[in-house]
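Please open the model in a viewer and keep the sequence panel at hand.

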Amino acid sequence: MRIAQKKQALLENIRNHGSLLVAFSGGVDSTLLAVLAHDVLGDRSRCVLLDSPVVPRSAVEQAQQIAHDLGLTFDIITVPLMDDDEFRQNPEDRCYRCKKISAGYFRQRAAGLGLVNIADGMNISDTGEHRPGLRASDEEGILHPFIETGCTKQDIREIARERDLPVWQKPSAACLSSRIPYGDPITKEKLRMIENAEEFLAKQGFSPLRIRLHGTIARIEVHKEDMGRILDQQDAITAMLRSLGFTYITLDLEGYRSGSMDEVLK
């Protein structure tokens, strides 16, 4: 199916759902879905970001700005995710627990707005990865219009580019808890260390990047072509990360890859 056909199928899918609350993050997937829902459904759509300590402050600010620039009706709901003992224990199905909790907040907000359906930006490319959150969303009745219409990540980027969305090339992101190995408890202190370290490196022009936290060891993931720049700045990077609480600073020679913490599950 060509991109034009997939886009048409997507618009029909959204129209057929009648009303949508879109789980919004400001990434290319949820932004495209929110824009198309607004185009098709008007005030029968709304986008909502769930905020918690696992979401970087910069991501919240960017999402607010994107929604404003695109004329989207946008809400932020604070979720006390860190109050949940099971989530903090960081099991292999951590995302399952998070999505279960999130669904309750989305459902409550949708009901208050009179919106029948809740949808997220999950797509076909996500289905081949370790995604316990997808199973939880399915159980909670969350819709996946991109999956329903066979859209891959590349399809989404292409449609977003044609729609002239400024986020069409935005790198994929994941919550800060994904930087902590399964079984290591999640704490607010660890999340802030990771967030501040990634923010520092992002300001140096590194993107995409991840700081994986192993005890007090920082494992830096950047594209292989960026490794030379990391080494050129090693003194400044080491000093900054040590000031944040890291003891040892390492560079992952395999480079950046999404979901590297899941490699232990294979």
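Which residue just after H3 takes a positive phi? It is Gly71, with a phi of about 70°. Before going further, note that this is a predicted model, in which local features need pLDDT of at least 70 and side-chain atom pairs count only at pLDDT 80 or more, while totals for chains, interfaces and linings use all residues. Residues are numbered from 1 along each chain as its sequence is written, and side-chain values use heavy atoms, with hydrogens and water left out.

**Stop 1: helix H3**

Select residues 57–69, which form helix H3. Helices (H or I, at least four residues) and strands (E, at least two) are DSSP runs, numbered from the N terminus. The expected span of a helix is 1.5 Å times one less than its number of residues; for the 13 residues of H3 this gives 18 Å, and the end C-alpha atoms are 18 Å apart, which agrees.

Now colour Val60, Ala63, Ile66 and Ala67, the buried residues of H3. They cover an arc of only 130° around the axis, which puts them on the same side of the helix; the arc is that of the directions from the helix axis to the C-beta atoms. Here buried means under 20% relative accessible area, exposed over 50%, and partly exposed in between (1.4 Å probe, protein chains only). On the other side of H3, select Glu61, His68 and Asp69, which are exposed.

What do the buried residues of H3 pack against? Their partners are helix H2 (28–41), strand S2 (45–51) and strand S3 (74–78), where contact means heavy atoms within 4.5 Å.

**Stop 2: the cavity**

A search of the whole structure finds one cavity of 30 Å³ or more. On a 1 Å grid over the protein atoms alone, a cavity is a set of points where a 1.4 Å probe fits but cannot get out, and lining residues have an atom within 4 Å of a point. Grid points are joined across faces, edges and corners, and a volume is the space filled by probe spheres set on the points. The largest cavity holds about 50 Å³ of space.

To display its lining, select Val22, Ala34, Ala37, His38, Ser45, Arg46, Cys47, Leu72 and Thr73. H2 and S2 are the elements that give two or more residues to this lining.

Keep Ser45 selected; its place is in strand S2. Ser45 is buried, with a relative accessible area of 10%. Not counting residues up to four places away in sequence, Ser45 touches Leu20, Ala37, His38 and Leu115.

**Stop 3: helix H5**

Move to helix H5 (94–113). Its 20 residues should span 28 Å, and its end C-alpha atoms are 29 Å apart, which agrees. Buried residues in H5 are Arg94, Tyr96, Cys98, Ile101, Ser102, Ala103, Phe106 and Ala110. They pack against strand S1 (20–23), S2, H4, strand S4 (117–119) and H6. H5 is followed by Gly114, whose phi is positive, near 75°.

**Stop 4: helix H6**

Select residues 132–139, helix H6, which includes Ser137. Ser137 is buried, with a relative accessible area of 5%. Setting aside residues up to four places away in sequence, Ser137 touches Lys99, Asp120, Ile142 and His144.

Leu134 is also in helix H6, and Leu134 is buried at a relative accessible area of 15%. Leaving aside neighbours within four places in sequence, Leu134 is in contact with Met122, Thr127, His144 and Ile147.

**Stop 5: backbone features in loops**

Most residues other than glycine have a negative phi, and most peptide bonds are trans. The next selections concern these two points.

Asn90 lies in the loop between helix H4 (85–88) and helix H5. The phi of Asn90 is near 60°, a positive value in a residue other than glycine. Is Asn90 buried or exposed? At 0% relative accessibility, Asn90 counts as buried.

Asp164 is in the loop between helix H8 (153–162) and H9, with a positive phi near 65°. Asp164 is exposed, with a relative accessible area of 65%.

Finally, select Pro208, in the loop between helix H9 (188–203) and strand S5 (209–214). The peptide bond from Ser207 to Pro208 is cis, with omega near -5°.

How values were computed: On a 1 Å grid over the protein atoms alone, a cavity is a set of points where a 1.4 Å probe fits but cannot get out, and a pocket is an open set with protein on both sides within 12 Å along at least five of seven lines; lining residues have an atom within 4 Å of a point.
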